[in-house]
Amino acid sequence: MSLASGPGPGWLLFSFGMGLVSGSKCPNNCLCQAQEVICTAKQLTEYPLDIPLNTRRLFLNENRITSLPAMHLGLLSDLVYLDCQKNWIREVMDYTFIGVFKLIYLDLSSNNLTSISPLTFSVLSNLVQLNIANNPHLLSLHKFTFANTTSLRYLDLRNTGLQTLDSAALHHLPVLETLFLSGNPWKCNCSFLDFAIFLIVSHMDPSDDLNATCVEPTELTGWPITRVGNPLRYMCITHLDHKDYFFLLLIGFGIFAAGTVAAWLTGVCAVLYQNTRRKSSEEDEDEAGTRVEVSRRARSMSSLSLFSCQRPLSYVPPPGSLLSLLPSPSHHLGAVIEIETY
């Protein structure tokens with residue numbers, strides 16, 4: 001069972017049991033009439049006891065109350081109006097209002113709130129008006145603080161310590177009509193961009209939009225927060241400052257250096273490859289020349305061997321023959337006929 005659906009049977013049984021021991025008499029110094037209890041400016045330092053269980057309107061304003069006990073407050077299941085302004089309440093814990101799920105009006109303004117838990121208003125789906133103004137130490141609100149307050153029509157956040165606000169914090173308020181944001185030290189930097197754009201897109205104009213102004217940066221000091229969406233978009237998305245230019249220059253130099261080194265390494269590898277290939281070609285040419293020389297010498301040796309194996313024969317004519325009458329070779333050529341025999 002979700003908290004937003006209201007308290008279960010166990011809580012109602014507990015409340016009934018506590019009601020048996022809790023009287024219906026009026027608290028001391030308070031005024032009780034027609035389901036209304038008025039304890040305004042009674043110098044109370046703590047939540048008063050003995051509040052009638054059928055109370056629908058409870059005024060605890062202008063006292064010194066420091067906390068709201070969920071145990072006792074949860075007994076008032078018919079409560080629709082609660083005024084706690086001008087007290088000393090420092091924080092509102094989870095499930096503080098778990099028993100008062102019918103609450104319509106809640107005023108926590110002018111206290112010392114420093115934090116509001118995300119589940120503080122988780123069961124207040126019927127809440128219509130919420131005032132937490134004049135809490136100067138309330139520096140932030142969780143984005144789910146108003147997640148279940150879907151009936152909220154009036155929200156007062158004036159004069160708190162809020163410097164920024166998550167755009168999701170107001171997404172769950174479809175019927176919100178009145179919104180006050182002035183008197184806060186809004187820092188309109190890039191983290192504020194989403195909320196500024198949300199104010200433009202949702203057409204949610206705060207009732208005091210001209211007084212809800214930026215305090216930072218100096219370029220936007222005094223600008224209404226409803227009008228800083230476009231300047232912030234230019235500054236945070238399209239605009240480049242000196243640091244951005246320096247960063248881009250550094251990146252460009254790094255890319256240039258990396259490209260130069262890569263080109264140098266590529267050239268070295270190409271030169272080494274060409275030298276290796278050239279040496280291999282020269283070795284192949286030397287080897288081919290050596291083979292040719294060896295083959296030439298082999299053929300020469302073969303020719304010499306064949307020539308040395310030839311034996312020339314001299315023919316001497318017999319005495320008294322016609323050939324013997326011819327002149328000798330010493331006088332003219334052709335005297336001796338050599339006959340090669342194989």
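## Salt bridges

Arg 158 and Asp 156 form a salt bridge. Their closest N and O atoms are 2.6 Å apart. This is a predicted model, and the distance is read from its atoms. The two partners sit in unlike surroundings. Arg 158 is partly exposed, because its relative accessible area is 28%. Asp 156 counts as buried, because its relative accessibility is 2%. The cut-off for buried is under 20%.

The structure holds four salt bridges. One of them joins the side chains of Lys 102 and Asp 78, at 3.2 Å from N to O. This pair links distant parts of the chain, 24 residues apart. Lys 102 is in the loop between β5 (91-92) and β6 (105-107). Asp 78 is in the loop between α2 and β4 (81-83). Lys 102 counts as partly exposed, at 36% relative accessibility. Asp 78 also counts as partly exposed, at 25%.

Another salt bridge brings together the side chains of Arg 153 and Glu 177, at 2.9 Å from N to O. Arg 153 lies in the loop between β8 and β9, and Glu 177 in the loop between β9 and β10 (178-180), so the pair ties together parts that are 24 residues apart in sequence. Arg 153 is partly exposed, with 38% relative accessibility. Glu 177 is exposed, with 58%.

## The chain as a whole

The chain has 342 residues, and 31% of them are buried. Its secondary structure comes to five helices and 14 strands. Consider the contacts between residues at least 6 apart in sequence. Of these, 55% join residues at least 24 apart.

The chain exposes about 21,000 Å². Carbon and sulfur atoms supply 60% of that area.

## Around strand β8

Leu 130 has its place in strand β8. It counts as buried, because its relative accessibility is 0%. Beyond its neighbours within four places in sequence, Leu 130 is in contact with Leu 106, Phe 121, Phe 146, Leu 152, Tyr 154, Leu 155 and Asp 156. Asp 156 is also the salt-bridge partner of Arg 158. Leu 130 and Asp 107 are 23 residues apart in sequence, with their C-alpha atoms 5.9 Å apart in space.

Ser 151 is in the loop between β8 (129-131) and β9 (154-156). Ser 151 counts as partly exposed, at 25% relative accessibility. Setting aside residues up to four places away in sequence, Ser 151 touches Ser 125, Asn 126, Leu 127, Val 128 and Val 175. Ser 151 and Ile 104 are 47 residues apart in sequence. In space, their C-alpha atoms are 9.1 Å apart.

## A buried loop residue

Asn 61 lies in the loop between β3 (57-59) and α2 (70-73). Is Asn 61 buried or exposed? Asn 61 is buried, because its relative accessible area is 7%, and buried means under 20%. What is Asn 61 in contact with, leaving aside its neighbours within four places in sequence? The contacts are Cys 39, Thr 40, Ala 41, Asp 83, Cys 84, Gln 85 and Asn 87.

## Helix α3

Helix α3 covers residues 193-201. Its buried residues are Leu 193, Phe 195, Ala 196, Phe 198 and Leu 199. His 203 follows α3. The phi of His 203 is positive, near 55 degrees.

Helix α5 runs through residues 242-308. Tyr 245 is found in this helix. A nonpolar surface patch is made by Tyr 245, Phe 247, Leu 248, Ile 251 and Ile 255. The patch covers about 530 Å².

Asp 284 is found in helix α5 as well. It belongs to a negative surface patch, formed by Glu 282, Glu 283, Asp 284, Glu 285 and Asp 286. Asp 284 counts as partly exposed, because its relative accessibility is 46%.

Methods:
Residues are numbered from 1 along each chain as its sequence is written. This is a predicted model: local features need pLDDT of at least 70, side-chain atom pairs count only at pLDDT 80 or more; totals for chains, interfaces and linings use all residues. Side-chain values use heavy atoms; hydrogens and water are left out. Helices (H or I, at least four residues) and strands (E, at least two) are DSSP runs, numbered from the N terminus. Buried means under 20% relative accessible area, exposed over 50%, partly exposed in between (1.4 Å probe, protein chains only). Contact means heavy atoms within 4.5 Å. Accessible areas come from the Shrake-Rupley method with a 1.4 Å probe; for residues, only the protein chains shown count as cover. Patches are made of residues with over 30% relative accessible area and no salt bridge: like charges are joined within 9 Å, nonpolar side chains (Val, Leu, Ile, Met, Phe, Trp, Tyr) within 5 Å. Lys and Arg count as positive and Asp and Glu as negative; His and the chain ends are not counted. The place of a charge is taken as NZ of Lys, CZ of Arg, CG of Asp or CD of Glu.
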